[in-house]
Amino acid sequence: MALSNDTCGEFVDDFLPVNDISDKVFLWLDTDLPVHGYLGVVATGGQMFDVRDHLLLSELRPSLSRLLRHHLERMAAPVGATLSLREHEIARYVADGWPNRLIARELGISEWTVKRHVTHVFAKCGVRSRTELAAIWRHTAHEPDSTASR
């Protein structure tokens, strides 16, 4: 169920008592993307979370954040493409018009490595040029991150 920020508090206030929820923990999942997540864990029937439960959830939080990031990036990839994290990152720069030399400098890798990743991205996305990649990237809601420094 998708909730807007306006109704989330109302939903929680209405949902908890009706469903016999006696305790709750909300985890902020930071994905390092423009989209983040919350995970709500609830206890019912008068049960309460103890210190061990909180510690366990704290330990799980980084892994859950990585899983959410991976899922969001896979969902955001152009149709038919399964890009690695690095390929996704490079594809974003290419779609924004960056040349290989600047991408390499920005990421601290060689131009040859960038070229190899670009070749893989082209194959996975079914394109033959940087222009085609940029077109499908934007078509699939891949607006380049305007906060990225050049």
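This note goes through confidence, salt bridges, aromatic pairs and a surface patch in a predicted model.

1. Overall confidence. The protein chain has an average pLDDT of 79, and 79% of the residues score at least 70. Among the elements of the chain, helix H4 (residues 100-107) has the highest mean pLDDT, 95, while helix H1 (residues 5-18) has the lowest, 66.

2. Where pLDDT is low, predicted coordinates should not be read in detail.

3. Arg-52 counts as exposed, because its relative accessibility of 65% is over the 50% cut-off. Asp-50 is partly exposed, with a relative accessible area of 30%.

4. Glu-89 and Arg-86 form a salt bridge with an N to O distance of 3.0 Å. Both residues belong to helix H3 (residues 85-95) and are 3 residues apart, about one turn of the helix. Glu-89 is partly exposed at a relative accessible area of 30%. Arg-86 also counts as partly exposed, at 30% relative accessibility.

5. A bridge between helices. The side chains of Glu-87 and Lys-124 form a salt bridge, with 2.7 Å between the closest N and O atoms. This pair links distant parts of the chain: Glu-87 is in helix H3 and Lys-124 in helix H5 (residues 111-125), 37 residues apart. Is Glu-87 buried or exposed? Glu-87 counts as buried, because its relative accessibility of 5% is under the 20% cut-off.

6. The aromatic pair Trp-28 and Tyr-38. The structure holds 2 aromatic pairs. In the pair formed by Trp-28 and Tyr-38, the ring centres are 5.2 Å apart and the planes stand at 65°, so the pair is edge-to-face. Trp-28 lies in strand E1 and Tyr-38 in strand E2 (residues 37-44), so this pair ties together parts that are 10 residues apart in sequence. Trp-28 is partly exposed, with a relative accessible area of 34%, whereas Tyr-38 counts as exposed at 62% relative accessibility.

7. The aromatic pair Tyr-93 and Trp-98. The rings of Tyr-93 and Trp-98 form a tilted pair, with 4.3 Å from centre to centre and 50° between the planes. Tyr-93 is buried, with a relative accessible area of 12%. Trp-98 is buried too, with a relative accessible area of 2%.

8. A nonpolar surface patch. Which residues form the nonpolar patch on the surface? They are Phe-26, Trp-28 and Tyr-38, which together have about 370 Å² of accessible area. Trp-28 is placed in strand E1 (residues 21-29). Two of the patch residues, Trp-28 and Tyr-38, also make up the edge-to-face pair of point 6.

Key:
Residues are numbered from 1 along each chain as its sequence is written. This is a predicted model: local features need pLDDT of at least 70, side-chain atom pairs count only at pLDDT 80 or more; totals for chains, interfaces and linings use all residues. Side-chain values use heavy atoms; hydrogens and water are left out. Buried means under 20% relative accessible area, exposed over 50%, partly exposed in between (1.4 Å probe, protein chains only). A salt bridge is a side-chain nitrogen of Lys or Arg within 4 Å of a carboxyl oxygen of Asp or Glu. Helices (H or I, at least four residues) and strands (E, at least two) are DSSP runs, numbered from the N terminus. pLDDT is the predictor's confidence in each residue, from 0 to 100. Patches are made of residues with over 30% relative accessible area and no salt bridge: like charges are joined within 9 Å, nonpolar side chains (Val, Leu, Ile, Met, Phe, Trp, Tyr) within 5 Å. Accessible areas come from the Shrake-Rupley method with a 1.4 Å probe; for residues, only the protein chains shown count as cover. Rings of Phe, Tyr and Trp (its six-membered ring) pair if their centres lie within 6.5 Å; planes under 30 degrees apart count as stacked, over 60 as edge-to-face and the rest as tilted.
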